[in-house]
Amino acid sequence: MSDTPRFAETSEGHRSGFVTFVGRPNVGKSTLTNALVGEKVAITSDKPQTTRRAIRGILNRPAGQLVIVDTPGIHKPRTLLGERLNSLVEQVLGDVDVIGFCVPATEKVGPGDRRIAESLDGYPRAKKVAIVTKTDAAQREQITERLMEVDSLREDWAAVIPLSALTREQLDVLTDELLSMMPVGPALYEEDVVTDESTEDRVAEIIREAALEGVRDELPHSIAVTIEDIAPREDSDLTDVFANIIVERDSQKAIIIGHKGSRLADVGRRARAGIEPLLGSRVYLSLHVRVAKEWQRDPKQLGRLGF
């Protein structure tokens with residue numbers, strides 16, 4: 001991650017570096033990223049493998065700067081897209097200073113968690129922190145049990161921290177711990193930057209998040225979003241956003257559009273509510289649903305969609 005610019009005017013002893021959170025899909029990595037940054041930079045959904053890119057969120061404190069790289073969940077790939085997401089995670093893990101391994105307090109540690117914890121042997125450079133997430137949804141006994149299970153997974157945890165991203169309980173503890181583990185150095189980003197995601201990418205992700213809500217289990221992986229144009233309308237306070245929702249089959253297109261377009265209208269309403277604060281203006285959102293057959297398995301289509 002050496003291509004990131006460094007900004008020199010920082011105090012002595014200032015620390016900066018990269019952290020990423022790993023774990024099975026849907027353990028709360030994106031929610032934790034957003035909570036730490038204090039702004040929504042990664043979309044969240046109850047569907048596994050929602051995150052598809054390495055999204056950087058930036059947290060500034062007087063003591064230092066944390067660059068949080070939100071990655072897809074590690075999973076057994078069934079498509080070319082799945083393979084590319086896993087290799088993206090591996091690439092990120094090889095570059096970061098700290099890896100935070102996340103396990104939800106509400107679920108027992110299973111084979112998937114053990115496999116991921118063991119795989120961290122492959123990244124000796126990074127310090128490892130165990131994080132028990134979603135403590136707000138768990139009983140005290142569950143949290144204690146989870147902490148013991150997680151603690152026994154590896155002998156080299158630099159810290160084991162229970163927290164809730166939702167209620168923000170223990171978030172400051174995690175922030176302080178992570179900053180203390182970063183190398184001494186100047187800030188990597190300007191202080192007012194919260195993400196290095198482009199506006200177009202963020203808008204596309206907000207639309208995808210809206211499209212994911214309420215869809216059947218097999219559909220989420222088939223949804224991609226491309227932006228045709230974002231432009232302020234002349235002589236108006238409106239911004240026009242033209243976007244495509246890409247699916248793999250005609251039957252999926254029908255699901256997204258819904259009866260007489262009702263579902264697509266809902267997607268548009270939800271997406272607009274997220275896009276308007278980001279762009280700082282009222283938005284006219286034009287959504288088209290297009291079919292790109294089996295795009296998750298097609299190298300050319302994946303390339304066009306940015307994977």
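Student: What describes the geometry of two packed helices?

Tutor: Two quantities are used: the angle between the helix axes and the distance between those axes. Here, α1 covers residues 29–37 and α5 covers residues 171–181.

Student: Are α1 and α5 roughly parallel or roughly perpendicular to each other?

Tutor: Angles from 65 to 115 degrees count as roughly perpendicular, so α1 and α5 are roughly perpendicular to each other.

Student: Where is Asp235 found, and is Asp235 buried or exposed?

Tutor: Asp235 sits in the loop between β7 (224–232) and β8 (238–247). The cut-off for exposed is over 50% relative accessible area; Asp235 has 83% relative accessibility and so counts as exposed.

Student: What is the place of Lys260, and what is the relative accessible area of Lys260?

Tutor: Lys260 belongs to the loop between α7 (250–257) and α8 (262–279). Its relative accessible area is 78%, so Lys260 is exposed.

Student: How many helices and strands does the protein chain have, and what share of its residues count as buried?

Tutor: The protein chain has nine helices and nine strands. It has 307 residues, of which 50% count as buried. The chain exposes about 14800 Å², with 48% of that area supplied by carbon and sulfur atoms.

Student: What share of the contacts between residues at least 6 apart in sequence join residues at least 24 apart?

Tutor: In the protein chain, that share is 72%.

Student: What is the mean pLDDT of the protein chain?

Tutor: The mean is 85, and 87% of the residues reach 70 or more. Over residues 47–51, however, the pLDDT is below 50. That stretch has 21 contacts in the model beyond near neighbours in sequence.

Student: Where should predicted coordinates not be read in detail?

Tutor: Where pLDDT is low. Residues 47–51 are a stretch with pLDDT below 50.

Conventions:
Residues numbered from 1 in each chain as written. Predicted model: local features only at pLDDT ≥ 70, side-chain atom pairs only at ≥ 80, totals over all residues. Heavy atoms only, no water. Helix = DSSP H or I, 4+ residues; strand = E, 2+ residues; numbered from the N terminus. Buried < 20%, exposed > 50% of the residue type's maximum accessible area, 1.4 Å probe, protein only. Contact = heavy atoms within 4.5 Å. Areas by Shrake-Rupley, 256 points an atom, 1.4 Å probe, with all protein chains shown as cover. pLDDT = per-residue confidence, 0-100. Axes fitted to C-alpha atoms, helices over the stretch in contact; angles between N-to-C directions. Parallel < 35°, antiparallel > 145°, perpendicular 65-115°, else oblique.
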